[in-house]
Structures are given as C-alpha cells and as structure tokens.
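Visitor: Hi, I've got a protein open on my screen and I'd like a hand finding my way around. Can we just chat through it?

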Amino acid sequence: MGVVVSLSQSALPEQHAEKCGDPLLSREEHAGMCGGLSQSAESTRGIPGSVALSANHRLPPFSQSESLLPGTPGSLASSANQRGRPTASREVPPGVPMSEADAPPPGADPDAEAEGGSEEDSDMELLRNLLARTLGLGTEPPERVLDELSLAGIARFMQSERCRRVVCMVGAGISTAAGIPDFRSPGTGLYANLGRYELPYPEAIFDISYFKQHPEPFFALAKELLPGQLKPTVCHYFMRLLKEKGLLLRCYTQNIDTLERVAGLQPEELVEAHGTFQTAHCLRSSCRHQYDLSWVKEKIFSSLVPKCDKCQSVVKPDIVFFGENLPSRFFSLLQSDFQKVDLLIIMGTSLQVQPFASLVSRVPASTPRLLINKEKTGQSDVFMSLMGFGCGMDFDSDKAYRDVAWLGDCDEGCLALAELLGWKKELQELVRKEHAAIDAVAAPEDTSSASGGDPTSRRGRTDGSGGRAESGGASSEQRGDGKEP
Ligand code: OAD
C-alpha cells in the first residue's frame, strides 16, 4: 500500500461531507473522522480555508501503519512501528508519532518500550507524555543552547562548534519579493484574489477532485505562476550561502516556483514538499506518461489545457494538490534530517498546512528554532498539542528557551542575520552577481552585464526589472538584535 498521508482541506467539513458522501456522519464527524485530524476554522484563529493533515477517507494514516513497511517512504507512522508500538488497530490522532512528545527522551533506551507493554500501556504513556509536555509537568527541562533569545543569540550559536547542520523550512513569503503572491496574506494573497475563476472556495484551485472536473482555472493561474520568469530573492541566496558555508543540511520548501533551484541549491539539498512544476504526468493511471516543463508551458501559454499525446487525458504538473500524497522523499528524509538538525530556520510561511507545519515539532528538544516572517506563526497551541500535532513554538512565555521570532521582511531578516555573521557583503555580492547572470541570459545580446555566477542558476525572469526585495524593513516588536539591517 502506498503513502497514506495527504494534503487535505479539513477545515471545510461541508465540502468534505459532499465529497465523502456519507450522510450518516455529522459535520463534526466529517471534519474529525473522514478528514482525519482537522484544524477547525475556530482553532486556526479564523483563517479561512486553513488546511490540515488528513488521512485518505476512512484510512487514518497513523492507525493503519501495518500497511507501511518500516523505513518505507511515506511512513510517518513508521516511527511508531520502529518503536514496536502496535498501531494497526489504534486510533491515534494523525501527527502524534511526529511530535516531540512521542520521541524518547535523550539518553533513553530506544528499545525499552518495544520490549514490553500492552497497547493500552503505550496509549497511556503517549497521553501522559502529551499532557506532561503540554502542562509542563514532570519533564526534565531541555538544555538551553542559546545564550540569548535573539537574532544575535542565534548568530553566536551558528558561529559555535555546536551548529553544524541547519535545516530551513520555507514558504511563499520568501518569494513575494520576487513578485509571486503568497497564499494567505489578507488582500494580496492568492486566495483573496481568485474571484475571476468563480471557484466554490479558494483552495479548490489546488484540489485534485475539483481539478479533475475543472482543470481550466488551475492552468489559467499556472500561466501567471510558472517558474522561469523570476529571480530568487535575498532569502533564497542566504540559503545558498548556508550551503556554501557547509551548514545547510536541507531546505524543505512548500514552494513550487523552483526559485531554490534557480538560486543554486541542488536537488539533493532540497525537499520540494509540495512538488514542482519541473515535470508533469498524464492523470490517467493506466498511462502516466511524463512530460517536461517546456511541453506543459507551450500548452499553457497557448491557453490550452495540456492533454496527453497518448490518451488525451489531462496532464497535470507534479505539484501536490490537496487530496494528493506528498513526495516520498519528504517522508524518507525527514526521519533522519530532523533527528540531527542543530538549528531550524523557518521563513515566509504561515505554517497552516499539514503535514509540513508539524515538522517544527520534529526537531530535538534542545534545537533552537528561528522564525523569520512578517507575523508570528507556528506558536504553541494547547488544542493542537493535545490533538497530536506536537508542541509549537514558544517565543514569549516564561518557559521560552530556544525559539526566536524575527518579525519583518524575509530578505531584511536574512540580511540582518548575515550581518551578525559577518556575511552581509558576501551575500549582497552573491545576489548582485547572480541577478546579473540571470539578466544576461534573459537578454543575451547584452553580455556586458553578465559577470559570471553559477551556470545552473541561469534561468530566470525575462522582464529585467529585478527581483530584489524592497527594503520593507522589520516592523517587529521583537527584532531581537536591535540593529537595523
Ligand atoms: P501563506 O500564504 O500561507 O503564508 C505566507 C507567510 O509569509 C505569511 O505568514 C505572511 O505573513 C508571510 N510573508 C509574506 N511575505 C513576506 C515577506 N516578504 N517577508 C516575510 N514574511 C512574509 O504561504 P505558505 O505558508 O507557503 O499549498 O502556504 C503553504 C501552502 O498553502 C502552500 O504550499 C500552498 C497553500 O495552499 C498548496 O497549494 C498545496
């Protein structure tokens, strides 16, 4: 059996009920049972259309893990299996095995639990751990590795011997400075501006069931979103610098704009959690013929819905739609990456979409987490913790010990951090050089502006207007370092 964790829109129980077609279930049951664990509209602070981790209908991903072989890609549940916990018949809230609460404490015998104990014992222990962590009872305080909860504290940590492996988690906010709208920013976000497509709800544009019936809106939008016309931002190049400094373990991105690749990150350094436009496949399961980006682009720019040359079915770019599985690479790599990460940097994401958002809870308890974003996201939420999505971030409470929020523009945040690290000039020079290289490819006759750079990054915008971020500046009540970038 394949991967059972998929993206879904579980904050929309009425729509779910419609698709599910089980009239015997109540609105809540549709939200909670069919859709797996759902972030209700209420629990996500009224953000419309928020989405959550879900099982495929009637197949809760973490309670059916016997179908997932240990170590099999896609097995978020396999952590439970590896620990010997019986999971086949257990109704575990999705995401529970991912949470820190579920991880053995540092120094614990990893086999101890596997050796004995009934299913009930395991469940009780799980519940105890969740409650203990949520209420802050009976657990050893984790080691505090930052000397200060600020950007300066993060920079000093990065310069220390202890920080050797950085994981970045990024979302649409890192690309807005390149001219690509994010999804949920009020007014400017994509979901607020889809009126012309007459969708039943904004996320339908990325919903696989809707797409199969009505592919036109997606392809009309894709015309605007297609990669290859834009320049990576300072933030993208900051990650490139992390790589060049030997610090980048991996970049987990939700973005489909491929700007991380354009900025010079190699495929092995990337997890494109929500897929990519690079390739496309025929939707018919008996065909699945593969097409490349240029083929798809040609159709889209001719305002055609791409149809398979072999069977005439619709061809869909390999981006992950709601209701589809995440790439197996996401599941296989997170198991090891999030165990050994020394620093997590989260940039430009509302952390509203599962399972991606719950990765913040996967890092070891002492690993610092830096959020660079316009608003605070991913914070602790007792409800979500109890539902098994792990403990979110804690920037402000008395117990805060490792989470730092730098609020403001991603590019400015990266520049501020680069300055503290002594990398600012290098970062600015890298951006200048790479953008010039992209411009040179866009306008080959104007070779004077090309000054070298990584040839792999020589794809990009054609309008020559530059993708450099505006100097929006940090508007934070908590800049942390107190410095101007
Ligand atoms: P969102 O639009 O949900 O969140 C973007 C976040 O970035 C928000 O918190 C913004 O405040 C912030 N932001 C925007 N511009 C910024 C800037 N220049 N500097 C700093 N912060 C900025 O986007 P994602 O979290 O990426 O999935 O959304 C996740 C997923 O939801 C997407 O991958 C997509 C969507 O539905 C699929 O389509 C499958």
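Visitor: Let me start with a detail: in E11, which residue is the bridge partner of Leu371?
Guide: That's Ala405. Keep in mind that this is a predicted model.

Visitor: OK, and how many bridges do E10 and E11 share?
Guide: Five, and the two strands pair in the parallel sense. E10 covers residues 369-373.

Visitor: Which helix packs on the sheet there?
Guide: Helix H14, residues 410-421. H14 touches strand E9 (343-347) as well as E10 and E11, and its direction makes about 135 degrees with that of E10.

Visitor: Let's zoom out to the sheet. What's the strand order?
Guide: Reading across, you get E5-E4-E3-E9-E10-E11. It's an open sheet of six strands, with parallel pairing.

Visitor: And which ones are the edge strands?
Guide: E5 and E11, the latter being residues 403-407. Each of them pairs on one side only.

Visitor: By how many degrees are neighbouring strands turned against each other?
Guide: On average 15 degrees, if you ignore direction.

Visitor: Now E4. Why do we call that strand largely enclosed by the rest of the structure?
Guide: Because six of its six residues, 248-253, are buried. Buried here means under 20% relative accessible area.

Visitor: What does E4 pair with, and over how many bridges?
Guide: With E3 (residues 166-170), E4 pairs in the parallel sense over five bridges.

Visitor: Changing topic: where does UniProt place the "active site" feature?
Guide: At His274, according to an unreviewed UniProt entry. His274 lies in the loop between strand E5 (270-272) and strand E6 (275-282).

Visitor: Is His274 buried or exposed?
Guide: Buried: its relative accessible area is 10%, and the cut-off for buried is under 20%.

Visitor: Last one, the whole chain. How many helices and strands are there?
Guide: The chain has 15 helices and 11 strands. Of its 485 residues, 55% count as buried. The chain exposes about 20400 Å², with carbon and sulfur atoms supplying 51% of that.

Visitor: And what share of the contacts comes from residues 24 or more positions apart?
Guide: They account for 70% of the chain's contacts with a separation of 6 or more.

Key: Residues numbered from 1 in each chain as written. Predicted model: local features only at pLDDT ≥ 70, side-chain atom pairs only at ≥ 80, totals over all residues. Heavy atoms only, no water. UniProt positions renumbered as here; feature names shortened; annotations may be inferred. Helix = DSSP H or I, 4+ residues; strand = E, 2+ residues; numbered from the N terminus. Buried < 20%, exposed > 50% of the residue type's maximum accessible area, 1.4 Å probe, protein only. Pairing = 2+ DSSP bridges. Contact = heavy atoms within 4.5 Å. Areas by Shrake-Rupley, 256 points an atom, 1.4 Å probe, with all protein chains shown as cover. Axes fitted to C-alpha atoms, helices over the stretch in contact; angles between N-to-C directions.
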